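Here are some notes for a colleague who has the sequence and the coordinates open. Please read the points alongside the display.

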Amino acid sequence: MTINLAEAVKLKSIITKRIQERTIQVHSLTHAVIEKGEQPKTPDYTLEMLEAELKELRYDSRKLDALIYRANIDNTIVFKDEEMPIVEAIELASQLRAEAQFCKNLGSEEKEAFYHNSGDAILYRVALYDPMTYRNRANELEKEAHRLSNLINAKNYQVEIEFDDSNYF
């Protein structure tokens, strides 16, 4: 059975959440609060059953990870006339967002602002760069990151991997 890469990424998230839920559930199955002399009620869903489910979930998680990683390495997108593997494009999108945030921070500063009044001297804090240039650059970097993310998402719907998701959908 094949699923597209976008579905695989979503499924990975679902499996991770189930692993977390089942791990929390272990704690409720391993202990009971009773009065002295009473016998604890045996749960319908046993610890052994839960451990078996966790083992299967972890196996599927590992296999799905490997398939996603391989697909992200083997498949490429073209961005700004440069062909790159999806994994590199994902990293580039993260870097563009980080750089955009950096530029936003610089762009949010005032060119000149009151700093301190020291007796007769009034001090100002003066930017040694043009904040507006950084505001504009931040906007352009965000647009690039969005365009790149859209290309990645589109590719994720085109790429197919072999994985049986019938246990989850």
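Throughout, buried means under 20% relative accessible area, exposed means over 50%, and partly exposed lies in between (1.4 Å probe, protein chains only). This is a predicted model, in which local features need pLDDT of at least 70 and side-chain atom pairs count only at pLDDT 80 or more, while totals for chains, interfaces and linings use all residues. Residues are numbered from 1 along each chain as its sequence is written, and side-chain values use heavy atoms, with hydrogens and water left out.

1. A salt bridge is taken as a side-chain nitrogen of Lys or Arg within 4 Å of a carboxyl oxygen of Asp or Glu, and by this rule there are nine. One of them joins Arg-70 to Asp-74 (3.2 Å, N to O), two residues that lie about one helical turn from each other because they are four residues apart in helix α2. Asp-74 is partly exposed at 47% relative accessibility, and Arg-70 is partly exposed, also at 47%.

2. Lys-80 and Glu-144 form another salt bridge (3.1 Å, N to O). This pair links distant parts of the chain, with Lys-80 in the loop between β2 (76-79) and β3 (82-85) and Glu-144 in helix α4 (residues 131-158), 64 residues apart. Helices (H or I, at least four residues) and strands (E, at least two) are DSSP runs, numbered from the N terminus. Lys-80 is exposed, at 57%, whereas Glu-144 is buried, at 15%.

3. Ser-61 is placed in helix α2 (residues 47-74) and is buried, with a relative accessible area of 9%. Leaving aside neighbours within four places in sequence, Ser-61 is in contact (heavy atoms within 4.5 Å) with Lys-12, Ile-15 and Ile-19.
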